[in-house]
There are 2 protein chains.
Amino acid sequence: MEIRKIPGGVTAAKGFSAASCMAGIKYQNRTDMAMIFSDAPCAAAGTFTSNVVKAAPVLWDREIVKSAQPVQAVVINSGIANAGTGAEGMAICEKTAQAAGKKLNIPARAVLIGSTGVIGMQIPLERIEAGVALLADSLGHSAEKGTEASCAIMTTDTVNKETAVVIDLPGADGEGTVPVTIGGMSKGSGMIHPNMCTMLAYLTTDCAIDGALLQKLVSGIVADTFNMISVDGDTSTNDTLLVLANGMAGNRPITEEDESCRLFAEALEGVCRELAMKMAADGEGATHLIESTVIGMDTKENARVLARSVVSSSLVKAMVFGKDANCGRILCALGYAGPAFDPDRTEIRMSGESGEVVFCRGGAVLSFDEELALRILSEDKVRFVSDMHMGEESATAWGCDLTYDYVKINGDYRT
Amino acid sequence: MEIRKIPGGVTAAKGFSAASCMAGIKYQNRTDMAMIFSDAPCAAAGTFTSNVVKAAPVLWDREIVKSAQPVQAVVINSGIANAGTGAEGMAICEKTAQAAGKKLNIPARAVLIGSTGVIGMQIPLERIEAGVALLADSLGHSAEKGTEASCAIMTTDTVNKETAVVIDLPGADGEGTVPVTIGGMSKGSGMIHPNMCTMLAYLTTDCAIDGALLQKLVSGIVADTFNMISVDGDTSTNDTLLVLANGMAGNRPITEEDESCRLFAEALEGVCRELAMKMAADGEGATHLIESTVIGMDTKENARVLARSVVSSSLVKAMVFGKDANCGRILCALGYAGPAFDPDRTEIRMSGESGEVVFCRGGAVLSFDEELALRILSEDKVRFVSDMHMGEESATAWGCDLTYDYVKINGDYRT
């Protein structure tokens, strides 16, 4: 019952191919479109932004995923988000799916669409249609093709983000086990404060699993992974997580929450967590990954809210950038999060490879080893643990520091 | 029935004196303590931070204001917030009130306390006691004394903040009118996202008004003034607004919501609005004041939430700093605020001294005059108006841009 990490991303699972191309949507001299294709029709599950303003591709994908019809391809572009684009934007989204469906010989409604980039700009239709043709002609099953796709969906991301794992599940023939693979890619660096789901993330698996059950697993997993990261508190109009399962691994189909389902869910959660943490670490301008764990809380949801408030605080983020152990700001961020707690019982620790310092206990900030605190704050990843001493529930959130470069990147994004 | 603006601040109203001194609490070579004193006992009203973690002075003031006992003095220090300081911090707060009460010959519980600065550090008791003695000996009724007090409570503020107005109300003798004055000072630049109230703000008036009625007015006014500003989304542990009314103007005491009460409330709201806007404009590192007005909304509270979401968005703030009219971000910030609306009916405009551009209408971002947009974004104050076309309610919020200097100030605050 182990989960083995393997190289690769969206093409790691059996039957999935990918491609990328330079369509010139908005960026020049870099790839800006990607396609994922499955040799067999897939059950699809997804979660989408809770923003009232939803991008055209979000509206398109959500309806298809909800209808539970089989899905076989995803077309994604970077540069323009196709949000705030009205009826014209919706028409462009539909025409993209039609062009891809025609080229791939599948129904237009078997094609999901993703867009990321500037809000309020129209995508040039002829370029995206030309891109679709290029993509369909260059699909491949190799790991490199998956990596290229993960690069093409980047905007202000500084690194591409992909991961894959393998688990063994009982075979369909009732004898022995078969390897089942889950791979994924994601992008996201700014406008990240997911609510219902995250930026763009695409997971593929060859697992045979019931679509409704897959949706249930995904909705649960999102709450503890993608929904627990924050870069800047802005929930995007385009947040989308899609999981495509084509059943080609040959495992005994998962139709109930049995042992196989639990192992698959654990592997899926690991893939989501890793992609989410990669996004937080690559937050716009970030120099540190911040991990905030809340333990000893009364309810799971309260633990999540508190953990997330710490990584969302501009003042905590700026203090980590400045390597200034101004730890009262953590207590302050817990305090305004909403859930009630007793400050007199709260204990706050900061830890890293270099060691651990206790900031706060019994309602008062303690004096601590400033030199050790500086060493911890000089590491790439800084961890805060807040023990509320109120119960047994815990949660972890991830974020990044607030830097000059965040301001620079976002003061001048369109140009 | 007019409201006349006059020079001055907390000493503008009859019977109020103030003082400042260098107590060396944490800062060197600048004033860091202030005192306000009233010649007659005052009715006091106040609102305080909603942060679960409340500073010692907040706990002290809140209890006294709640008990409705008369108040006659306020002692404030900058440099250290006396928050996250446990029982020792509470004892220091009480001893400060005792020292001031003894020196001023009033009960300790007639002395309110305010602190602002670093969280989690203890205030040196002997310095604050020495400061109290200096302050009590140098109280004065002049406008200069009020201004000096407003300077002594600054932390990262770049300018002091004070204002005063006069209205005419019926005299107590039933013949003619008497002038009634309201003055105030405030401080606040970072950790500003008030909830229940704002940073430190002290208003004084010589109006004769019932204490419970004053509290009712103050609670209502705060919702549309101090609670509508945001610098960085962090709600402080120390937020405090206090209004002291000593009745020395000789007006016919206000005891019900009559015409005099309405005029007084309007004047009080104007003073609060001006102090709040001054805080937003002086946000840490800010180069622009951002005003966000939402009109045509279904409920007042929904209008407030939407207006505030725009000025709280890191991406909107960074775009104003960068003078980049990336207007889709405003639509996005409205969208994740919470209240439901129809993006297809939303209209968003940006205006300034130079003119107005329409960003968005009918669910789509429009093309607009980029040169005019740049001219507007080059002004000190930028105004966004979002018309939701859903009803008659409106609200306005104020914030500031996100700059390199915000990050610099907060990456290195303690040193």
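Predicted model: local features only at pLDDT ≥ 70, side-chain atom pairs only at ≥ 80, totals over all residues.
Student: How does the radius of gyration of chain A fit that of a compact globule?

Tutor: The two agree, because a compact globule with 415 residues would have a radius of gyration near 22 Å, and chain A has 22 Å. Buried residues make up 62% of chain A. Among contacts with a separation of 6 or more, 79% are between residues 24 or more positions apart.

Student: Which domains does the assignment give for chain A?

Tutor: It gives domain 1, residues 4–281, and domain 2, residues 289–411. Their centres, taken over C-alpha atoms, are separated by 32 Å. The contact between them takes 13 residues from domain 1 and 14 residues from domain 2 of chain A.

Student: Which elements give two or more residues to the domain 1 side of that contact?

Tutor: Those elements are β9 (229–230) and α6 (259–281) of chain A. The largest share, four residues, comes from α6(A). By class, this side of domain 1 has seven nonpolar, five polar and one charged residues.

Student: Could we look at a single residue? Is Leu377(A) buried or exposed?

Tutor: Leu377(A) counts as buried because 20 other C-beta atoms lie within 10 Å, and the cut-off for buried is 20 or more. Leu377(A) is found in helix α10 of chain A, residues 370–377. Leaving aside residues up to four places away in sequence, Leu377(A) touches Val320(A), Lys323(A), Ala325(A) and Val382(A). As for Ile348(A), 29 residues apart from Leu377(A) along the chain, the two C-alpha atoms are separated by 15 Å.

Student: How do I read a strand and its partners?

Tutor: Here is a general idea to begin with: in a regular strand the side chains alternate between the two faces of the sheet. Now take strand β3 of chain B, residues 33–48, which is mostly covered, with 13 of its 16 residues buried.

Student: Which strand do six bridges join to β3(B)?

Tutor: Strand β2 of chain B, residues 16–21, is one of them, and it runs antiparallel to β3(B). In that pair, Phe16(B) has Ser38(B) as its bridge partner. Six bridges also join β3(B) to strand β4 of chain B, residues 71–80, again antiparallel. There, Met35(B) is partnered with Val75(B). Strand β10 of chain B, residues 240–245, pairs with β3(B) in the antiparallel sense over six bridges. In this pairing, Phe48(B) has Thr240(B) as its bridge partner.

Student: How do I describe the way two copies are arranged?

Tutor: In general, two copies of a chain are related by a rotation about an axis and a shift along it. Here, a rotation of 180° with 0.0 Å of shift superposes chain B on chain A, with an RMSD of 0.0 Å. That is the relation of a two-fold axis. In chain B, the C-alpha nearest the axis belongs to Tyr404(B), 2.5 Å from it.

Student: How many residues of chain B are in contact with chain A?

Tutor: There are 54 residues of chain B in contact with 54 residues of chain A. The elements giving two or more residues to the chain B side include α2 (86–104), α8 (314–321) and α11 (404–411) of chain B. The most, six residues, comes from α9(B). The residues on this side divide into 25 nonpolar, 22 polar and seven charged.

Student: Why can we say that the copies meet through the same surface?

Tutor: We can say so because 100% of the interface residues of chain B are also interface residues in chain A.

How values were computed: Residues numbered from 1 in each chain as written. Chains lettered and ligands numbered in written order. Buried ≥ 20, exposed ≤ 12 C-beta atoms within 10 Å, placed from the backbone. Contact = placed C-beta atoms within 7 Å. Domains from an automatic or database assignment. Nonpolar A, V, L, I, M, F, W, Y, C, P; charged D, E, K, R; others polar. Least-squares fit on C-alpha atoms with pLDDT ≥ 70 in both. Rg over C-alpha atoms; globule rule 2.2 N^0.38 Å. Pairing = 2+ DSSP bridges.
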